[in-house]
Amino acid sequence: MLDYHLHLWPHSQSDAEATIEQVAAYCEHAVSHGVTEIALTEHLFRFTQASDLLGEFWNDLPGEALRPGMAAYWDRHARVDLDSYVEVVQAVKAEGLPVVLGLEVDYYQDRMDEVAGLLNGYPFDVLLGSVHWLGAWRFDVLNEPLVMAEWETRDVDAVWDEYTRAMEELGASGACDVFAHPDLVKIAGKVPAVPDEFYDRMAEAAAVSGMAAELSSAGWRKPVGEEYPAPPLLQRFVARGVPLTTASDAHTLPDVADRADDMRMVLSAAGVTKLQGFRNRQPHPVAVSPIDAELTVAEPGA
Ligand SMILES: [Zn+2]
Ligand SMILES: [Zn+2]
């Protein structure tokens with residue numbers, strides 16, 4: 001098993017700094033929970049290099065009333081130096097611990113070439129691609145009243161359509177390797193009566209882009225109470241041959257490798273035996289569960 005989606009800091013923490021001890025502790029916790037390799041994938045918007053590059057990009061996007069919220073969000077988050085994050089993760093990797101260097105990259109409409117230009121200057125192993133924002137609407141920040149007011153007034157099918165279009169454009173940009181939490185748009189629990197068209201398009205976006213998709217336990221910790229992706233979307237990924245990673249999307253140590261065993265069962269039910277790992281942004285196969293095999297052997301009475 002992998003845990004290919006990990007953050008070092010909760011969103012409530014503004015100033016932050018990566019340390020070798022913290023990354024090593026993540027590795028230790030993951031291994032003790034049956035995960036063989038982790039990827040550190042801090043948000044791109046944590047880093048001053050991202051705000052230098054992208055400026056106040058939200059001013060070009062729809063949602064005027066939501067722009068101040070986005071500005072405050074960036075001001076709170078974009079405080080860390082990307083070079084020191086990279087150096088710390090690379091140092092732990094060089095010690096032989098099971099970690100690879102990644103980043104969670106957002107979809108920036110019409111700006112992905114610039115984003116790719118920035119990221120090409122670093123030795124990333126894997127880049128997650130995420131859609132967190134539709135225009136200036138941070139639809140997954142559920143504790144903000146303005147965000148939730150949008151959920152109350154917008155048409156659910158239209159929201160899913162806009163989200164899916166962003167995924168299609170993110171895939172076509174070629175900037176990232178893995179679709180993170182592929183159906184994040186369901187986070188607030190609002191799902192179209194017939195979501196099939198959107199699932200078909202999401203699976204198509206992954207298949208034609210060559211990107212992998214993430215199976216994430218984070219959805220179990222959200223109001224929707226369901227893993228990402230939903231079972232019918234996972235089925236479509238599998239049917240289209242889209243490679244998979246597994247992920248907790250932890251923002252603190254105790255959530256690292258969260259519910260890895262439950263994800264193992266989801267994969268088993270879907271007939272998935274191989275995951276996809278990455279080095280230098282090149283994919284390689286990883287067995288779902290060498291741990292299971294050991295446990296089976298270790299139970300002579302069973
Ligand atoms: Zn995310
Ligand atoms: Zn994340």
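The legends below describe close-up views of one predicted model, beginning with the whole chain.

**Figure 1. Overall fold of the chain, with 11 helices and nine strands.** The radius of gyration is 19 Å, close to the 19 Å that the globule rule gives for 302 residues, so the chain is as compact as a globular protein of that length. Along its principal axes, the C-alpha trace spans about 65 × 45 × 35 Å. Among contacts between residues at least 6 apart in sequence, 78% join residues at least 24 apart.

**Figure 2. Surface and charges of the chain.** About 12,400 Å² of the chain is accessible surface, and 51% of that area belongs to carbon and sulfur atoms. The side chains include 21 positive and 49 negative ones. The centres of these two sets lie 3 Å apart. Of the 302 residues, 52% count as buried.

**Figure 3. The largest nonpolar core and Y85 within it.** In soluble globular proteins, nonpolar side chains tend to be buried together. The largest nonpolar core of this chain holds 106 residues. W74, Y85, L103, Y108 and F139 touch the most other members of that core. Leaving out residues up to four places away in sequence, Y85 touches L8, A18, L40, T41, E42, F47, L101, G102 and L103.

**Figure 4. The cis peptide bond between Y228 and P229.** Omega of this bond is about -5 degrees. P229 belongs to the loop between β6, which covers residues 212-216, and α9, which covers residues 231-239.

Figure 5. The relative accessible area of D249 is 11%, under the 20% limit, so D249 counts as buried. R259 has a relative accessible area of 36% and is partly exposed.

**Figure 6. L253 and its contacts.** L253 lies in the loop between β7 (244-247) and α10 (260-269). With a relative accessible area of 33%, L253 is partly exposed. Apart from neighbours within four places in sequence, L253 is in contact with A25, Y26 and H29. W58 is 195 residues from L253 along the chain, and the C-alpha atoms of the two residues are separated by 32 Å.

**Figure 7. V191 and its surroundings.** V191 is found in the loop that runs between β5 (178-179) and α8 (196-209). Its relative accessibility is 38%, which lies between the limits of 20% and 50%, so V191 counts as partly exposed. Setting aside neighbours within four places in sequence, V191 is in contact with V156, W160 and K186. V159 and V191 are 32 residues apart in sequence, with 9.7 Å between their C-alpha atoms.

Technical notes
Residues are numbered from 1 along each chain as its sequence is written. Chains are lettered from A and ligands numbered from 1 in the order in which they are written. This is a predicted model: local features need pLDDT of at least 70, side-chain atom pairs count only at pLDDT 80 or more; totals for chains, interfaces and linings use all residues. Side-chain values use heavy atoms; hydrogens and water are left out. Helices (H or I, at least four residues) and strands (E, at least two) are DSSP runs, numbered from the N terminus. The radius of gyration is taken over C-alpha atoms; the globule rule is 2.2 Å times the number of residues to the power 0.38. Buried means under 20% relative accessible area, exposed over 50%, partly exposed in between (1.4 Å probe, protein chains only). Contact means heavy atoms within 4.5 Å. Accessible areas come from the Shrake-Rupley method with a 1.4 Å probe; for residues, only the protein chains shown count as cover. Lys and Arg count as positive and Asp and Glu as negative; His and the chain ends are not counted. The place of a charge is taken as NZ of Lys, CZ of Arg, CG of Asp or CD of Glu. A nonpolar core is a set of buried Ala, Val, Leu, Ile, Met, Phe, Trp, Tyr and Cys residues joined through side-chain atoms within 4.5 Å.
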